[in-house]
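Good morning, and thank you for coming.

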Amino acid sequence: MKFWPASKLFGFFSNDMAIDLGTANTVIYVRDQGVILDQPSVVAVKNSTNEVLAAGNKAKSMLGKTPESIVACRPMRDGVIANFELTESMLRYFIREVHNNRRTLVRPRMIIGVPSGITQVEKRAVEDSAKQAGAREIYTIMEPMAAAIGAGLPVEEPTGNMIVDIGGGTTEVAIISLKDVVYCKSVRIGGDEMDRAIVQYVKRKYNLLIGERTAEDIKIKIGTAMLTDESAKEEVKGRDLITGVPKTVLLSDAEVFESLTEPISIIIDAVHSALENAPPELSSDLVDRGIMMAGGGALLKNLDELISKETGLPVTVADNPLLSVVFGAGKVLDELDFFRDALIK
Ligand code: ADP
Ligand code: MG
């Protein structure tokens, strides 16, 4: 006899979702089913009618390549919802994609991780889009809170938990105790700014113009926050600014390291300022517990070591830093009564 797993049975009735609306990536986790959407936060719309043509991977491939009649953009780019309408359209597109493919008997409950700097108006816009896309109940949670929970920090305890979430557009540093954010600092510097710094460096040093996506590739391959004995090199292709023809340059990790100095120092400053602003009892907890890092930027090589060296505290990178927020939000939805205080009111 075939056993029908309870999760499947449950999935038939409900489609509860946790959504990480990130500046670079949107991730959707469906209860008992796992992560079923993980795509760039990009949307492409027709200029004249605002009709959504694509979102996610398909829209990302259009960035910088659209004719005048189409706009492809990242509506969350700066960590605030700069463009309401586009953010709403993108969110609705993603939710529908997930929801329509798994129609269930009961409309889903949704929890959405939003940037800590979000305004009430922006928060309402996000909730309205989720409602229009079919949500029955909607909850919102601050991304650093969700990241901390997803990374496994005991946020419910009366102890200082520090999380540094480095995303595409922003870095959020938060200290959490008793399910509440005691201190939070958000700076508009993250992985994107690192990419731009590499573009600028290559332009200045080699008169070579490269795209931001090429820069991101280099950052992921040979980027580092501290130089070590090992060294690495990577070819980069771009356009020579003097002759106008395509050219290739061999870039070393030491050069990429140099180009990343400034954005990294801003991240370190944000960490320092959180430490300076922590209530003394919580500071003393941090000495033992250290700092947890999440977000894609936490994967930059040796960044954890650099932060540890600069602060004198132990630093851990979350197991799956790109998924910490969505995992945390999912956990909150599963244990809503326990985590109710962690939600945005
Ligand atoms: P957001 O939450 O803002 O959507 P993410 O947490 O998804 O952002 O992280 C995206 C950022 O992480 C991008 O800037 C990307 O380049 C960067 N990133 C991803 N993997 C790595 C890596 N291995 N090394 C350095 N940066 C990385
Ligand atoms: Mg994020």
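The largest cavity is lined by Ile81, Phe84, Thr87, Glu88, Leu91, Glu122, Ala125, Val126 and Ser129. This is a predicted model, in which local features need pLDDT of at least 70, side-chain atom pairs count only at pLDDT 80 or more, and totals for chains, interfaces and linings use all residues. Residues are numbered from 1 along each chain as its sequence is written, chains are lettered from A and ligands numbered from 1 in the order in which they are written, and side-chain values use heavy atoms, with hydrogens and water left out.

Let me define the spaces. On a 1 Å grid over the protein atoms alone, a cavity is a set of points where a 1.4 Å probe fits but cannot get out, while a pocket is an open set with protein on both sides within 12 Å along at least five of seven lines; lining residues have an atom within 4 Å of a point. Grid points are joined across faces, edges and corners, and a volume is the space filled by probe spheres set on the points.

How many cavities of 30 Å³ or more does a search of the whole structure find? The search finds 1, and the volume of the largest cavity is about 40 Å³. Helices α3 (84-100) and α4 (120-132) each give at least two residues to its lining; here helices (H or I, at least four residues) and strands (E, at least two) are DSSP runs, numbered from the N terminus. By type, the lining of the largest cavity holds 5 nonpolar, 2 polar and 2 charged residues. In this count Ala, Val, Leu, Ile, Met, Phe, Trp, Tyr, Cys and Pro are nonpolar, Asp, Glu, Lys and Arg are charged, and the others, Gly among them, are polar.

I turn to the pockets. The largest pocket contains about 1200 Å³ of space. Of the 46 residues that line it, Ala24, Asn25, Gly168, Asp192 and Glu216 lie nearest its centre. At least two lining residues come from each of β3 (34-40), β9 (161-166), α6 (191-206), α7 (212-222) and α11. Which element gives the most to this lining? That is α7, with 8 residues. The lining of the largest pocket comprises 14 nonpolar, 15 polar and 17 charged residues.

The second largest pocket has about 190 Å³ of space. Both α6 and α8 (253-277) supply at least two residues of its lining, and α6 provides the largest share, 6 residues. Among the lining residues are Glu193, Arg196, Tyr201, Glu258 and Pro263. This lining divides into 3 nonpolar, 2 polar and 5 charged residues.

Because 8 of its 11 residues (324-334) are buried, α11 is largely enclosed by the rest of the structure. Buried means under 20% relative accessible area, exposed over 50%, and partly exposed in between (1.4 Å probe, protein chains only). Val325 and Val326 are among the buried residues of α11.

Those two valines are also touched by aspartate 20, as are Asn25 and Glu143, among others, not counting residues up to four places away in sequence; contact means heavy atoms within 4.5 Å. Aspartate 20 lies in strand β1 (residues 17-21) and counts as buried, at 8% relative accessibility.

Next, the sheet. An open sheet with mixed pairing is formed by 5 strands in the order β11-β10-β9-β15-β16. Its edge strands, β11 (180-187) and β16 (315-317), each pair on one side only; two strands pair if DSSP finds at least two bridges between them. Strands β9 and β15 (residues 291-294) run parallel and are joined by 4 bridges, and methionine 162 has isoleucine 291 in β15 as its bridge partner. Helix α10 (residues 303-311) lies across β9, β15 and β16, at about 150° to β15. For such angles, axes are lines fitted to C-alpha atoms, for helices over the stretch in contact, and angles run from 0 to 180 degrees between N-to-C directions.

Finally, the loop between β10 (171-177) and β11 holds leucine 178 and also lysine 179. Most residues other than glycine have a negative phi. Leucine 178, however, has a positive phi near 50°, and lysine 179 has one of about 60°. Is lysine 179 buried or exposed? Lysine 179 is buried, with a relative accessible area of 14%.
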